[in-house]
Amino acid sequence: MDFGLVAVVVGFLLILIGIWGILTQKNIVKIVIGFSIFDTGLHAIMVGIGYLKGRTAPILDSAVSPADALTSIVDPVPQALVLTAIVIGLGVTALMLAYVVRLYDYRKSLDISSYEDLKW
Amino acid sequence: MVDSILLNPIYIIGIGLGTSFILGFFKSGRFQAHPSAMHSERIKTAPWVLMIGALTVMTFISAEWLWSFLFNGQLPQQIYTAGFEPPFSINLLMGRNEAFFTLMVNLVGLLSGLYLLDKFKEMGTHALSVYLVLIMGLNGIIMTRDIFNLFVFLEIASIATAGLIVMTSDVKALSAGFKYMIATGLISGFLLIGIIFAYYFGGSLNIDSLAEANLTTVQGGVFAVFLIVVSLLLELKPFPANGWGIDAYEASPVGINAVISSASAGATYYVLSKVLIITDAKWYAVTAVVGIITFLGSNLMGIKQTNAKRMLGYSSVGQVGLLLVILGLSEQLGNSFKFIIFGIMMSHYLAKAGLFWLVGIVKTGILKDWGILRKKPVLVFFMGTFIFALLGLPPFPSFFAKWTLVLTLSAAGLNLWVGLILFGSLIEAVYLFRWFGYVLKLDADKERSLSTPFYRTFPVWLFGLLSYYIGYVASVMVPGGETLGMFYLPLAFVGFLFIIDRYLPVWVKNTLSMAAMALYGWYYMAGLSEFRMLFAIIFIGGGIVTMIAGYAKSGKRVGFYPFVVMMYIGLGGLLLSENILQFFISWELMTLGSYVLIIRGKKSMPHALSYMMFSLGGAFLILAGFGLAFAGSGVSSISLDILKNVTRYSGLIYTFLAIGFMTKTAVIGLHIWLPGAHAEAESDVSPMVSAILLKAGMFGLVVLMLAMGSQSLGGVSLPYLLGWLGAITALLGNLMAAFQEDAKRLLAYSSVGQLGYVVFAMAFMSHLGWLTALAFALNHFVFKALLFLAIGGVVMRTKTKTMYEMGGLIKRMPLSFISVLIGIIALSGLPPLTGFAGKWLSYNAVIEKGWYFQGFLVSIAGLVAFLYCFRLIHVIFLGQPKDKFKNIKEAPIAMLIPQYILIGVIMLFSLMPNMVLKPIGEFLVQYFPDGALQWDGGTAVSSLGRWSGVAIMNITIGIFGTILIWLLFMSRKAVKVKQFNIFYSGEAPSRPELTHYGYNFFAPYKKAVGFLVQPLVTRFWDGIADILHSISDFVRRLYNGNGQMYAFQVILFVVVFSIFTIG
Amino acid sequence: MSLKDIEKRTVIGPMGEEIEIDPLRDYYCAATPDLKMEQRKSSIPIIEKFANWARSESLWILAFGTGCGGIELRPLVTPKYDVYRFGIQIRATPRQSNVFIISGYLSVKTLKRAIRAYEQMPSPKYLLALGSCTINGGMYWDSYNTINRLDYYLPVDVYVAGCMPRPESILAGFDSLKQLIKDGKGEGAAKYAEKFEWYKKNQKQIIKDWDMPDYNW
Amino acid sequence: MTFEPIQIAWTLLGLFIVFNVGLLLTSTVRKIGARVGKRRGIRFFQPHIDLIKNYSFRTNFSHGIMFYLAPVFRLTGGIGIFVFMPIIYGSAHFSNFSFAGDAILIMYFIFFGTLGMALGAGEGAMPFSAIGISRGLSQVTAAEIPLVLAFLAVFIQNNSFSITEIVAAQQGGFLNWTMFTNPIATITAMLAFLGAMMRSPFDIVLAPQEIPVGPPTEFHSSFLGVLSTNRAIFPIAKTILYINLFFGGATNWPVLILKAFLLYMWSVVVGTVFPRFRTEQSIRWFMKYPLILGILSILVLQLG
């Protein structure tokens, strides 16, 4: 069984779960959690796509010498991307939580439908 | 400048990041997390200065690069990070486009930074660094050539935006920011999946390499393309999945949404254009479709808005939609693509930033409170500039861009697109002009003051002036731009008038303007001939005569003269124009000038709006017509002669142009703007807009009909239709005039009817018909100017326009009475005055052509004219003088002088009609050789009858004089009695008000024929407006303010988009 | 019209200024009849004679039934009497009439209207008084609201006695009037102008609510 | 045709004849009306006497300048349409000043007097005059609806506006008259004629007792004299126009007077028989049958 494919499938499932959470949960903290799940799914897909069967992580250490790196490690680019994406996801989640804190300060409510001031 | 001095563009990114890092070392100010702590500590100015310094350097770098690209032949430069070439590392590109876009971003960032001085002091250094990161991110978006790096910068930009919003202390803004985060989070997720799949199928992250990989041909690659395109489109806030964006526009502080609107829309747009190269034609088409839906949908929702920021949000989204359309159609637009994008983008950029800044200066979003802006006329001027620029009126860049866009699209056969774009622009005009109307007319809150520190007005000033400069640049670049020199000098004079406007008294400006117009006429018009000369006499000569009345005004009359002159320049430009570009610019200038003149009236706000809507609608039809003609003539020329060579669409072109021109002549169905606009205008504006301006439409018809002759559409001859339309207009216009209580409304409706005669007569397409039309037109010009001036004088003195409130004014204002008397005799076409010329000619033309029933309608219209003529003179001047007008004075001499000049013209024309009609007939012969009128001295001889104006005049005067002398002799000892010395059935009248028969004067007539003047047309247009507003109100309920709903809309958009593209 | 309507009043003009209105002065012509005008004759006698003939043969009656005798005038235009053949016609406006018939008793209220109507007729004008009531009050001689002797108030040219006079008598009255005019003696209007003060005194004595100018043009 | 000063004399002679005929016609018509009512009616010369009396009033007064001008306008209108029209076909002496214009001129000159009269009455400041004018103008414009159609039909038929040419086309036997060559147009015109003559059922304009006598209420003495002069000339002049357009014109005075009398009688007969229309009723009436007939008269020409 291709481990990469599994990762991609799981990733998509996680994305769907995340979207489901964002769309159905009224609690904004849960929405943020949904968003995190969505993000995690993304990361899983990225890692899954870059995975090559039987190879190791693209870290040049004692286990992998620079000489045979090309044949023994997986594609390093998605790995780099996923690291960046995780950082960005973290930032976004943090900011979202900051919003949650400030919103709660004002209204003492975590229900998203309490924050419909601007519309139409 | 030498290459070596060019700073590496990477510094833009570096300085942005570095400075925001350094800013962290400053004392942060207290960031108020809790709503109870309302007063935050203000930070010092130094960090702000640092940020401004950084932005200045960033701006300078972009400017420097742009300069060397434009003038030093600099080649695009790749910047490789980490020393590797792509695809192994991230690369940035600095090319001409990048330089241009980064300059845009940095400039607006810098100016907004300035503008936000106060706000930043409140928000603290965190805000400063986040703001700087935002600008940096936008720069990165523009320059990067790496698709993942693009994602990063997009995230930076959107996180920074949300970060700025989170720092406001307003729960509404916070909730909007949260919604924004949810939506952008989802969108960037999709983008990320797209990127990773693109990498998987394309093997690279570099955009250029991906383009070579032809992803759309690879199985599965389409999915990557789909995700990238859809998420980038979503970043641009397409309708209807853009509620989160609109909310963010409304929520964020004004300086910041100026950046979001003008800079980030520009940047994101540029990204899309950059990324679309990895796709194929299908995706371009899809982009165009999304664009047009967004353009129409957003503008539609804009019309129901009452908050300036939200409205501008909708407008921004709409403008981006328009940009998407252009991008999507870039293939079809070919070489003009860049110019069009440049024009639209620049206008949007300058205008939107300027308008958002103005929102901050006015400090209220409620549109109806905007009258306060009038405290600073300069800002009103710039607001007008921005709105006109946004809507694509000359001389702003978007005008030239839209012009080129329409012409090019038409040439490519994409007529539906032209139609949709113009329709969307019209909807946009509705709310923007309504807003502008509020600013100009609504009462300001006297209590409030308008604080305008330099750092806030400077950006507005700069962008306002830039709009003109870029407009000039665009005008030079547009094909045919070299022929626009004729506008420079006159418009420079307008500019001069603007500058001196606030300092000089009215008589100086009046004299200057008259002198300038005389010079304009002398210098530019002297060489004209035939029709153009004739209209030049009406436009310029008539303009000068009516302007004499301006001396009656006192004070400064700020904001009047520049627009008067602009209107006349437009009118003159029509005559001078040799190509459709000049013609259309003139048309728009005239519309603009007259709009401002009309809206000056006390109650004319709604009427000016409807005037503008009909005028713009008409102008867009003309534009569409020109576009079709450009396409249909087969020669790629913009000369007016293309109308003669049209081979395709001729019926359609004729229809469009005719309807466009007839919005100005106010043919029935398109007339509802006229009565209000003319009636509510100031007393010396009414004659200008009625007697003179309406002839512009007629001149348009002259040009059209001479060039295209008779055309038919769907088997129906168009002139034949016009004939009926003109006849019906004449009858209904006159009937409506007969039932007005308002003197100026009466005259206005009379203009509708009179112009109906003109259209009717022109539709004959025969010698006599055109002679009739020109006689009518000349005559209408003279008597309507005369009447409007005379009635204007009366209104000036009595302060009322309602006729039945007046009465018996002949005793107090005999000179005005004589004017009106001569005017109505000329109007009703009674011999021996000039009006009869038109009547007699029209009968000849009718019999010759065989349009008996139309002719019959026009005759009846002429009879109905007696009714309102009499009503006008009787109810105002005859009957019982009222108590309160006992001491009223004659109209000011400055208003009487033009009246008597015009009376002189009428008398001259009546005595010697051959002097005018003969030369007209002579040049008409070359167009319509058959059926010319013969002249036997002063006697006109047609194949049907004869008419000797001189003889009739002399005989009539002879009889009249004899009888008058006889009567004077017989009643030489008559006692002069007063108003109550009347036989009142043995009683004596008690009050003049009860003894003056004036209200509902033609009551029995109304009873009998009132059914003909039901306001059906008004109801029709009102209905259209209502429907638009209802749709707008219905559709905007999509945006219910719930973040989940917005997220759902985003998802739904993705799903629907997928069904239509890859499904 | 009532007395209130001729009181002075102040209105606000269009420029916000106050305007004082004195209806009697501002809305009515203040001139009184000019005796010279009323007696104006052509210097050529034959022309004056001709004019008098024309006046006598063209008597236009003001259609104003002032009292009970109004009904007695109707038979005059029926086939039986047919005054048209004598050049007598009826007009609805005093401006175009030259004969005023006071048909019987005249209440004070009507007197005011009658004075106004009489004065509004152009000269020369003739007044034909019907019935006893116009001579001495007749059966209303002691009524509280009718006048007794018309001659005190308006210059009567011809009296036709009777209560009421038959149409034949009225026709005879017309004949007398015609003869009077032809003889150049139909100068009632001149008499009115001559003794204007006296007439006005009498009129104002009996009409308590005098709400019009002295002379109604 | 060129202008000779002697023509003024001929025109004045024609005017004098028409003036007297007009006055006599007025008395005749009233006499006929009286005879219907079994009275003797006024004397034949009564209108002359009335006119003299009107000019010989001793006092008069004026309401202002337009009050003076109104009768002048009115009479100018009346005399104007007379002098611009050829009276006797084939007679050089009685072609008046018809070289100056054609039937269109006459059509429009008719309004010259109307408008002037309305203005004068307006300055009279009498509300009832104004009401009369309102009625009059409304009614005249309605009456003109069929009239314009009928005239158009004649113009189309003859392809000319020239009255002389139209009369010429009707010479050579009465079957050539427009009355027989285009009967529908003639009927239409005759219906319109009723409206223009201000007789019952279209005399609400003057409505004595209701609005005293409408527009001329305030006019008296010599002002009324000038108006009466016009009352004599104007209807005849108008009638002559109809005679010329529809009834073969006239080659000598007796024929002209006879035709004028008969045509005049048409409105008298109708007037004696029918009661009065309200204004809106008469407007509606003109917009029904006369309008339909008028349209028919042109359709017949177009199709036939």
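Two strands count as paired if DSSP finds at least two bridges between them. Helices (H or I, at least four residues) and strands (E, at least two) are DSSP runs, numbered from the N terminus.

## Basis of the model

This is a predicted model, in which local features need pLDDT of at least 70 and side-chain atom pairs count only at pLDDT 80 or more, while totals for chains, interfaces and linings use all residues. Residues are numbered from 1 along each chain as its sequence is written, and chains are lettered from A and ligands numbered from 1 in the order in which they are written.

## Sheet in chain B

Strand β6 (residues 939-941) of chain B runs antiparallel to β7(B), and 3 bridges join the two. Within this pairing, B:Thr939 has B:Ser948 of β7(B) as its bridge partner.

Both strands belong to an open sheet of 3 strands in chain B, with the order β5-β6-β7 and antiparallel pairing. The edges are formed by β5 (934-936) and β7 (946-948) of chain B; each has a single partner strand, so one side of each lacks a neighbour in the sheet. On average, neighbouring strands of this sheet are turned by 25° against each other, direction ignored; the axes behind this angle are lines fitted to C-alpha atoms, for helices over the stretch in contact, and angles run from 0 to 180 degrees between N-to-C directions.

Chain B is divided into domain 1 (1-30 + 41-145) and domain 2 (481-930), with bounds that come from an automatic or database domain assignment. The centres of these two domains of chain B, taken over C-alpha atoms, are separated by 55 Å.

B:Phe201 lies in helix α7 (residues 171-202) of chain B. B:Phe201 is buried because 20 other C-beta atoms lie within 10 Å; the cut-offs are 20 or more for buried, 12 or fewer for exposed and partly exposed in between, with C-beta atoms placed from the backbone. Apart from neighbours within four places in sequence, B:Phe201 is in contact with B:Leu215, B:Val218, B:Gly220, B:Gly221 and B:Ala224, where contact means C-beta atoms, placed from the backbone, within 7 Å. From B:Phe201 to B:Asn914 there are 713 residues in sequence and 84 Å in space, C-alpha to C-alpha.

## Chains B and D

The contact involves 59 residues of chain B and 66 residues of chain D. On the side of chain B, two or more residues each come from α33 (835-849), α34 (852-877), β7, α37 (949-970), β8 (975-976) and α39 (1003-1009). Of these, α34(B) gives the most, with 12 residues. By class, this side of chain B has 40 nonpolar, 14 polar and 5 charged residues; Ala, Val, Leu, Ile, Met, Phe, Trp, Tyr, Cys and Pro count as nonpolar, Asp, Glu, Lys and Arg as charged, and the others, Gly among them, as polar.

Strand pairing also links the two chains: β8(B) runs parallel to strand β1 (residues 61-62) of chain D, joined by 2 bridges. The bridge partner of B:Val975 in β1(D) is D:Phe61.

## Chain C

β3(C) pairs in the parallel sense with strand β4 (residues 88-91) of chain C over 4 bridges. There, C:Leu59 has C:Ile88 as its bridge partner.

Definitions and conventions:
Two residues are in contact if their C-beta atoms, placed from the backbone, lie within 7 Å.
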